[in-house]
Amino acid sequence: EVQLVESGGGLAQAGGSLRLSCAASGFTFDDYTIGWFRQAPGKEREGVSCIYGGDNTTYYKYSVKGRFTISSDNTKSTVYLQMNSLKPEDTAVYYCAADYLMFGDLELSMDLTDYDYWGQGTQVTVSS
């Protein structure tokens, strides 16, 4: 059974940093892409970043490039999202999700419908 648990959200000042964690269980990283998504009040859920467990290649939404870094620690079965230079626009509930890869699937998809398992979300609030 695949389970994902996010943590690390909270309140930060503009320009500050937070590190989100996604603790995973029940699957082999090689077969999955792990993605971070966020949803702000009144807005659609959007992809932020993802990492392919097979080779640790990554993707970032353009607006977070240079500020956010996704990484994984396979010994801890955990994926991280280091968020630096935070802006008020980053305020949202952040979700970790797992995309089980079948033959022919894109490795770094940010299509919500491709993701099979979701965590409960963690709130990130950035004050101006």
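Over the face of which ring does R45 lie at 5.0 Å from the ring centre? The ring is that of W118, and R45 also lies over the face of Y95; a charge counts as sitting over a ring if NZ of Lys or CZ of Arg is within 6 Å of the ring centre and within 35 degrees of the ring normal.

| Charge | Ring | Distance from ring centre |
|---|---|---|
| R45 | Y95 | 3.8 Å |
| R45 | W118 | 5.0 Å |

The model is predicted, so local features need pLDDT of at least 70 and side-chain atom pairs count only at pLDDT 80 or more, whereas totals for chains, interfaces and linings use all residues. Residues are numbered from 1 along each chain as its sequence is written, and side-chain values use heavy atoms, with hydrogens and water left out.

A search of the whole structure finds 7 aromatic pairs, where rings of Phe, Tyr and Trp (its six-membered ring) pair if their centres lie within 6.5 Å, and planes under 30 degrees apart count as stacked, over 60 as edge-to-face and the rest as tilted. The pair of F37 and W118 is tilted, because the ring centres are 4.9 Å apart and the planes stand at 50°. F37 is buried, with a relative accessible area of 0%, while W118 is partly exposed at 29% (buried means under 20%, exposed over 50%, partly exposed in between, with a 1.4 Å probe and protein chains only). One aromatic cluster is formed by F27, F29, Y32 and Y100.

Elsewhere, 4 strands form an open antiparallel sheet in the order 1-3-8-7; strands are DSSP runs (E, at least two residues) numbered from the N terminus, and two of them pair if DSSP finds at least two bridges between them.
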